[in-house]
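Welcome! Please take a look at the structure below, and then we can walk through its inner spaces, one of its sheets and a loop together.

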Amino acid sequence: MSKGLHTAVKKMREAGMGASAIRSFEHAYGELEAGKTGIIPEASIDPVAAVVRAADIEASDDDAHSTLAQTAVIRLNGGLGTSMGLAKAKTLLRARADKTFLQLIVEQIMYLRQQTGSLLPLIFMNSFRTRTDCQEQLASYPDLPVSGIPQDFIQNAVPKISQETLAPVEWPAHPGLEWCPPGHGDIYTTLADSDLLPSLLERGIKYLFVANGDNLGAYPDARIAAWFAKSDAPFMIEVTKRTPADLKGGHLARRKSDGQLILREIAQTAPEDIQHFTDGSRHPYLNCNNLWLAIKPLQERLKETSGVLQLPLIRNEKTVDPTNPASPKVYQLESAMGAAVERFPGAIALEVGRDRFIPVKTTNDLLVLRSDVYDVGEDSIPRLTIPEAPIVMLNKKHFGLIADFEQRIPDVPSLREANSLKVEGDWTFAEGVRVIGDVTLADQGHPATARGVLT
């Protein structure tokens, strides 16, 4: 074991990280030390031409309800939304009217329980930074917890690695910045080190539905659950057709060497292959990060691998202090949850509509979600009121942080008649604004609206 790895492992043990988490980090560090970057060459994969469409699947009401009764939901809730200037969990951000993402997720589950009679446990994968604040909001839902099943579990943290020395970076000014989450692929090692899976099986739960906390379209659809159960597949990933707005998102592909489905992220793409990565006609299927897993095969796989699925490395190059570009350069060793599709022979993919993929990664996404493009009914699920959501691009300098965004857009404009909205300058939106067609608000306060109307 190299000195850098020894120091990192010692640091993780002292911080109380689990055995599987440490073994998983050792594997990722070995990949880094060997000079591996996680790059997946275009020449090594084939495009996926077609998958089964959710619109074409069939399931009886009885099968749908009985399968949902055997399903638990896990929501990834460890992110702080720092890119939008948030200091708390992103799910505590207001999503619609006076409701946060977290509240709408809970209310989706409560509605489904009422309609189907399912137990439907809701479990959050929190980080140590998000747990306390979220628990305070969840306390207002006393009927949410399910006896014998924990309401959350804590994801691991790993040391940031100095690019210069390959040792854990030291940053005494802010020791917390010496650590980072190992990506949402950490869910598997965290589950391996916990008693959650046996607890779920004891309560008759056979399936997991896992999704990001910022995607309100990702509710546990009973019809999809029933179809997945009948497929006998151990693992299913939901994908949707890529659009020009998300050509940088991870896409589905098939490995040439063995025909296995895999996921490729942009961080795993060589510069010379970016043109192929962003070609939606070549790689048409975007990963929604909505996953379905059969618990027993998952348990068996984790046991076989000692909790280490050896997911493809994502080597992110950062600075130890993300707000200080002059701070030491580090590697963050991460993995993607959806990448586990390649570790389960027999894994399948299902094409779903865009209504199941409405993540909020930027204030661009948030503006669309808050607008009249979506309507939220009694089931707390946002649904499009028009055939396709418009493309929104806000000037990052003036709208990138949530405080600046809400100061400049105190009243959300109507986007129902819009094709696109591009705000290049520092604009403030008054009450009652309607965006029609394709609108560009140029810098220096001079609107260029030759193709659209702002009223």
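A cavity here is a set of points, on a 1 Å grid over the protein atoms alone, where a 1.4 Å probe fits but cannot get out; its lining residues have an atom within 4 Å of a point. Grid points are joined across faces, edges and corners, and a volume is the space filled by probe spheres set on the points. With that in hand, the structure holds two cavities of 30 Å³ or more.

Please keep in mind that this is a predicted model, in which local features need pLDDT of at least 70 and side-chain atom pairs count only at pLDDT 80 or more, while totals for chains, interfaces and linings use all residues. Residues are numbered from 1 along each chain as its sequence is written, and side-chain values use heavy atoms, with hydrogens and water left out.

| Cavity | Volume | Lining by class |
|---|---|---|
| Largest cavity | about 260 Å³ | eleven nonpolar, eight polar, three charged residues |
| Second largest cavity | about 40 Å³ | seven nonpolar, one polar, no charged residues |

Which residues lie nearest the centre of the largest cavity? Of its 22 lining residues, these are Ser24, Phe25, Ala28, Pro182 and Ser335. Helices (H or I, at least four residues) and strands (E, at least two) are DSSP runs, numbered from the N terminus. The largest share of this lining, six residues, comes from α2, while α2 (19-33), α6 (186-192) and β17 (329-334) each supply at least two. The second largest cavity is lined by residues including Pro121, Leu122, Pro145 and Gln151.

β17 also belongs to an open sheet of three strands, in the order β9-β17-β16 with antiparallel pairing (two strands pair if DSSP finds at least two bridges between them). Its edge strands, β9 (161-162) and β16 (314-319), each pair on one side only. Six bridges join β16 to β17, and Asn316 has Gln332 in β17 as its bridge partner.

Finally, the loop between β3 (71-77) and β4 (94-96) contains Ser83. Leaving aside residues up to four places away in sequence, Ser83 touches Lys361, Gly400 and Leu401 (contact means heavy atoms within 4.5 Å). The C-alpha atoms of Ser83 and Thr362 are 7.6 Å apart, although 279 residues separate the two along the chain.

Methods
1 Å grid on protein atoms, 1.4 Å probe; cavity = no way out; pocket = protein on both sides within 12 Å on 5 of 7 lines; lining within 4 Å. Nonpolar A, V, L, I, M, F, W, Y, C, P; charged D, E, K, R; others polar.
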